[in-house]
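Subject: Structure for you to look at

Hello,

Please find the structure below.

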Amino acid sequence: MIQFQSASKSYVSLFTRRRVDALSDFSMEMHRGEVVGIAGPNGAGKSTLISLLLGFLDPSGGRVLVDGRTPRAYVEHDGAGYLTELIALPPAWRVPATLQRLAVLAGVPATERTARVNAQLAQLGLEEHIRKTNKQLSKGNLQRVGLGQALIGDFDLVVLDEPTHGLDPLWTQRFRDIVAELRRPERLILIASHNLDELERLADRVAILNKGRLQNIVTRGAGLEAATPVLWRVVFDAPAPDVAAVLPGATPIEGRAGAWTVRATRSGLSAALARLLGDGAVLVECTPQESTLESAFRAAVR
Amino acid sequence: MNARTRAPLRYAPWLARDLLVWPGVVYAAVAVLVGFIDWRLALRAASGHAGRFSLVPTAAATQAGVWNTCLTIAILFAIGGVVGIDVHRGYYRSLFSKPMAPWWYYLQRYLLAGLMVLLAPVLLGASVAVALHGGTGLSGSLFATIAMAYLLTGSLTLLCSIFRPEGWLLVFIAAFLQNMIAGMLKADRYMNIDPPAIMTWVHRVLPPFDLLVPGGPSLQGGDLAHVLIYGASLLILALLLLRFRPLGTGGRS
């Protein structure tokens, strides 16, 4: 559905002629039915990538195609559900009117519009705020209105930029459920987030960006979990074995006898633990300290 | 994908509603205020308390006076910052991720704002008619002048708003400058003085705001063509920019 072909975006200062490469040589294909995550530190190029995808910016080099068309042509014809990181909606609009207006723009037929708006208000827990204007909403509630307007058009392309920004833990979890419900064979969902845990749970693939460049694409369930070394905490009962002897690089945790941190693949750790247990060691705890995605992220942005 | 309506005017009722609130309410308030002033002046004149120089208002004179003073401001109220505010505040991201082309959205907004500007003399006429128990002062030439002023000033304002929310300020300065230069050139002609070349050149380049005088004679011939071609060119340029120039300027803009 989406093809980034060596897409680049540079900004050149009008006066100093200083050039900043926000995105460099980004190539990736994204398909219908997928949930694709975009991860990266601040300034990695995530928002620029989304602006290119929606046609709000033109690439300086390469090209971006959505269903074989330029992004602007695609969006102007088919539309996209888009939630921005810092949602901006006219402050004087009331909450239901905001959804009504954007449903009209989204092309929701008049016969379905009120029902669709009411459903969004209910799904996003906004019914108690229907008399409020956007200006009177808290950051989290405004983000929920933003999510509502992104989903109201029932589009095939859904782009969520830092979607849980400002949401409390309860609504963060609810958001994950909503995204899970959004999955459809004909729909592509793109989520840009700092929250690796969120991407790990939701995305099929995660593109890791750093300094405008694609560093890695992590695919969930493609054997990567087993192949990528991640950080673990292992704790043994006394007498504690010498873990460093079987897992080079293991370091004891200060102040806790028998506790070690080790970086290992699943299979490497399993083999080492089997050896230690075979020698009579008693394992008390074995916990991953970071996810596969976190590990790949650290490696990519180091 | 669900059934979707692509009716091109589907959002126009919401745009019209916004315009009725702003600047519609302001236009109505000014119309009522001017009507009140006319009513007080008429009362003074009728009671014989009027001095030698006091005015006896007429609807036509009120219309001409108000629009000679306020037309540019009324147009700026209707269309000033229209694109720039949406871009600067980030509203465009929600608006134009939907299946709606920016050029078409803003053309509708421009045309409806023009209708709102044309409604303003009707509001004023109604207010003055009530105050003076007489006519409205409306005429075909008044509407034609206001419509041409909107084509010229409104189009330039739309164009400037694409670059900055405060683009209307440039329009205001240009209108002020052009009217001032036109006045000076007129005085020079009257006194048979050759004006400085730069002044003549600036007068030619700036939009011909000075040709549009509400209540004055109707434009004809070359002057009419000058205003229409200048205004239409500005509008077309604005629409081309909205069609081909991306709205975003940076990652989170």
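Two residues are in contact if their C-beta atoms, placed from the backbone, lie within 7 Å. The model is predicted, so local features need pLDDT of at least 70 and side-chain atom pairs count only at pLDDT 80 or more, while totals for chains, interfaces and linings use all residues. Residues are numbered from 1 along each chain as its sequence is written, and chains are lettered from A and ligands numbered from 1 in the order in which they are written.

Where the chains meet

By the contact rule, 33 residues of chain A touch 26 residues of chain B. Helices and strands here are DSSP runs, numbered from the N terminus: helices are H or I with at least four residues, strands are E with at least two. On the chain A side, helix H1 (46-53), helix H2 (71-78) and H3 each supply at least two residues. H3(A) gives the most, with five residues. For residue classes, Ala, Val, Leu, Ile, Met, Phe, Trp, Tyr, Cys and Pro count as nonpolar, Asp, Glu, Lys and Arg as charged, and the others, Gly among them, as polar. This side of chain A holds 16 nonpolar, 10 polar and seven charged residues.

Arg101(A) sits in H3(A), which covers residues 95-106. A residue is buried if 20 or more other C-beta atoms lie within 10 Å of its own, exposed if 12 or fewer, and partly exposed in between, with C-beta atoms placed from the backbone. Arg101(A) has 23 such neighbours and therefore counts as buried. Leaving out residues up to four places away in sequence, Arg101(A) touches Trp93(A) and Trp14(B).

The six-stranded sheet of chain A

Strands of a sheet pair through backbone hydrogen bonds, either parallel or antiparallel. In these notes two strands pair if DSSP finds at least two bridges between them. Chain A has an open sheet of six strands in the order S5-S6-S7-S3-S8-S9, with mixed pairing. Its edge strands are S5(A) (81-83) and S9(A) (213-219), each pairing on one side only. Axes are lines fitted to C-alpha atoms, for helices over the stretch in contact, and angles run from 0 to 180 degrees between N-to-C directions. Ignoring direction, neighbouring strands of this sheet are turned by 15° against each other on average.

Strand S7(A) covers residues 188-193; six of its six residues are buried, so S7(A) is largely enclosed by the rest of the structure. Leu188(A), Leu190(A) and Ala192(A) point one way from S7(A), and Ile189(A), Ile191(A) and Ser193(A) point the other way. S7(A) runs parallel to S3(A) (residues 35-39), joined by five bridges, and Val35(A) stands opposite Ile189(A). Five bridges also join S7(A) to S6(A) (residues 157-161), again parallel, with Leu157(A) as the bridge partner of Leu188(A). S3(A) is joined to S8(A) (residues 205-210) by four bridges, also in parallel, and there Val36(A) stands opposite Arg205(A).

H1(A) lies across S3, S6, S7 and S8 of chain A, at about 155° to S6(A). Helix H5(A) (residues 139-151) packs on the sheet too, touching S5(A) and S6(A), and its direction makes about 165° with that of S5(A).

The three-stranded sheet of chain A

Another open sheet has three strands in the order S2-S1-S4, with antiparallel pairing. S2(A) (19-30) and S4(A) (61-66) are at the edges with a single partner strand each, so one side of each has no neighbour in the sheet. S1(A) (residues 2-12) pairs with S4(A) over five bridges, and Ser8(A) stands opposite Gly61(A).

Chain B

Chain B has 10 helices and zero strands. Its C-alpha atoms fill a box of roughly 75 × 50 × 30 Å along the principal axes. Of its 253 residues, 38% are buried.

Helices H7(B) (residues 140-163) and H10(B) (residues 221-244) have axes that come within 8 Å and cross at roughly 30°. Angles under 35 degrees count as roughly parallel, over 145 as roughly antiparallel, 65 to 115 as roughly perpendicular and the rest as oblique. H7(B) and H10(B) are therefore roughly parallel to each other. The residues of their contact divide into 17 nonpolar, two polar and no charged.

Regards
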